[in-house]
Amino acid sequence: MSDLEQYEHHIGGEWVAPAAGEYFESTNPATGATLYTAARGSAADVGRAVQAARTAFEDPRWRDLSQTRRGHLLRRLGDLIGEHADELARMETEDNGKLLREMRGQLTTLPEYYWYYAGLADKIQGDVIPTSDRRVLNYTTREPLGVVGAITPWNSPLTLTTSKLAPALCAGNTVVIKPSEHTSATVLKLAELALEAGFPPGAVNVVTGFGPEAGQALVDHPQLAKISFTGSTGTGARIAASTAARFIGSTLELGGKSPNIVFEDANVANASMGVVAGIFAAAGQTCIAGSRVFAHTSVYDELLERVTERARSIRIGDPLEDTTELGPLAFADQRDKVAGYVDLGRSEGARVLTGGRPTDGGLGGWFYEPTVLVDVDNSMRVVREEIFGPVAAIMPFETEEEVVRLANDTEYGLAAGVWTSDLSRGHRMAARLEAGTVWVNTYRAMSPMSPRQGFKNSGVGVEHGTETIREYTRLKSVWINTSQEPVADPFVMRS
Ligand code: NDP
């Protein structure tokens with residue numbers, strides 16, 4: 001065990017040992033082997049990190065840095081991530097089991113997020129507001145909030161952290177990140193790269209550890225100006241309650257149970273690929289997983305056959321291998337959760353068309369076979385609840401009206417897919433589906449430029465695009481009377 005890497009917190013630009021002196025292990029889900037140990041964060045560590053972030057926020061080196069120069073730092077950070085993309089991708093694959101192919105793709109495009117916000121940094125500006133008295137000037141400014149807390153999950157550690165970090169820094173905030181206990185390493189490396197890029201010490205801080213300990217301490221810290229969170233709806237609800245009671249903002253990107261709808265006029269070959277990508281990519285461990293598939297009765301059998309056939313041929317194995325198509329679930333409990341849901345589905349009357357079994361992938365890890373469930377309906381828990389694994393529930397429908405009703409009959413509203421060759425139907429469905437993102441004849445497309453928002457229990461607030469800057473700034477209205485004329489009546493309201 002002694003040759004394992006031991007990570008400390010990254011606070012105020014330095015490696016800082018945990019106050020309580022405790023560490024926890026992070027494992028490789030493909031093999032079950034311990035990868036490294038990381039500091040187990042406590043309220044004391046979080047307090048130190050928030051203080052470092054607050055000091056950095058008030059430091060003229062950050063506070064008075066021009067917006068253009070702030071953008072330049074983001075650009076440099078993006079460049080550095082690009083230079084380290086291979087190393088970071090491999091670290092993430094070893095930590096969470098997602099395919100190296102996929103993580104390489106994510107890391108190769110990740111610099112674009114920083115470049116996007118680099119370009120946006122000096123476009124953050126207020127307005128001049130018309131007044132009824134020309135001697136009075138009224139203008140607005142957009143100010144940074146202060147210290148932003150970012151709590152992120154394990155499924156795409158750097159990408160999901162970046163969705164918060166890049167706009168928060170772009171707007172002039174400083175940040176304390178609490179990554180998932182399952183994936184600490186790359187986020188710590190990101191803090192190092194931020195320092196190398198020229199961000200002042202304390203602008204980016206990372207406290208590792210467990211959600212109920214370090215995470216909760218961060219949420220509850222009185223000096224925090226905002227929390228930005230990605231994770232489960234249950235944790236999101238607790239965070240929303242805590243931030244609401246203190247009147248600070250939260251951006252919440254939560255779970256999903258997204259419908260992927262195949263109409264009778266769809267290109268079924270492409271649609272079946274979209275269904276496979278929607279639920280089996282990343283072993284279904286994405287918030288946008290297309291876990292509820294609705295197929296028109298006239299194409300239901302063909303779609304089922306194509307998806308099932310492809311699911312059976314998916315190559316399960318070492319996520320570091322380029323030929324592997326399905327890696328493990330991120331940790332043992334997650335694999336057990338998926339297995340539990342499929343068993344529950346069976347007991348509810350679902351039929352397992354393919355898959356339905358845990359496996360060690362020949363490597364001793366926590367894999368689960370790509371699984372297709374049929375004979376299911378919206379009343380079953382496997383159709384209503386987020387499984388976060390490679391499990392598709394496929395259901396037939398007859399009419400557009402019916403499928404709109406079925407697709408919207410969920411507590412979630414993160415994303416939806418529509419497959420049709422009729423573009424007017426595509427537009428119609430996009431308008432009627434209660435989801436923050438709708439894809440027509442594609443699935444899982446995203447970019448830093450495109451805003452996304454969860455409807456219903458899938459979240460609050462916008463990530464990506466220019467819109468998200470509002471989430472990390474507050475608006476100030478400034479009134480200046482340029483006249484020195486005596487005030488005649490102090491009791492008249494001015495405008
Ligand atoms: P959680 O919501 O529990 O975890 C997400 C992040 O929040 C992690 O960093 C976690 O830390 C932290 N956290 C947990 N409890 C608290 C708390 N009380 N206060 C502050 N932070 C906290 O999700 P899980 O990782 O446990 O995954 C469970 C389910 O959530 C999945 O099966 C899936 O359904 C959903 N999920 C959705 C994601 C999405 O992208 N929308 C991403 C990940 C999960 P720690 O890791 O130490 O617990």
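**View 1. The largest pocket is lined by 35 residues.** Trp154, Phe229, Gly231, Ser232 and Thr235 are the lining residues nearest its centre. The model shown here and in the other views is predicted. The largest pocket holds about 860 Å³ of space.

View 2. By class, the lining of the largest pocket splits into 14 nonpolar, 15 polar and 6 charged residues.

**View 3. Helix α1 packs against helix α8, with axes that come within 8 Å.** Helix α1 spans residues 43-58, and α8 spans residues 211-220. Their axes cross at roughly 40°. That angle makes α1 oblique to α8. The crossing of α1 and α8 is right-handed.

**View 4. Six nonpolar residues make the contact of α1 with α8.** From α1 come Ala43, Val46 and Val50. From α8 come Ala214, Ala217 and Leu218. The contact has no polar and no charged residues.

**View 5. The largest cavity has a volume of about 60 Å³.** The model has 4 cavities of 30 Å³ or more. Gly256, Lys257, Ile279, Gly284, Thr286 and Ala289 are among the residues that line the largest cavity. Its lining also includes Ser291, Glu386, Ile387, Phe388, Gly389 and Val391. By class, this lining has 5 nonpolar, 5 polar and 2 charged residues.

Technical notes: Residues numbered from 1 in each chain as written. Predicted model: local features only at pLDDT ≥ 70, side-chain atom pairs only at ≥ 80, totals over all residues. Heavy atoms only, no water. Axes fitted to C-alpha atoms, helices over the stretch in contact; angles between N-to-C directions. Helix = DSSP H or I, 4+ residues; strand = E, 2+ residues; numbered from the N terminus. Parallel < 35°, antiparallel > 145°, perpendicular 65-115°, else oblique. Left-handed = near helix turned anticlockwise from the far one by under 90°. Contact = heavy atoms within 4.5 Å. Nonpolar A, V, L, I, M, F, W, Y, C, P; charged D, E, K, R; others polar. 1 Å grid on protein atoms, 1.4 Å probe; cavity = no way out; pocket = protein on both sides within 12 Å on 5 of 7 lines; lining within 4 Å. Points joined across faces, edges and corners; volume = space filled by probe spheres on them.
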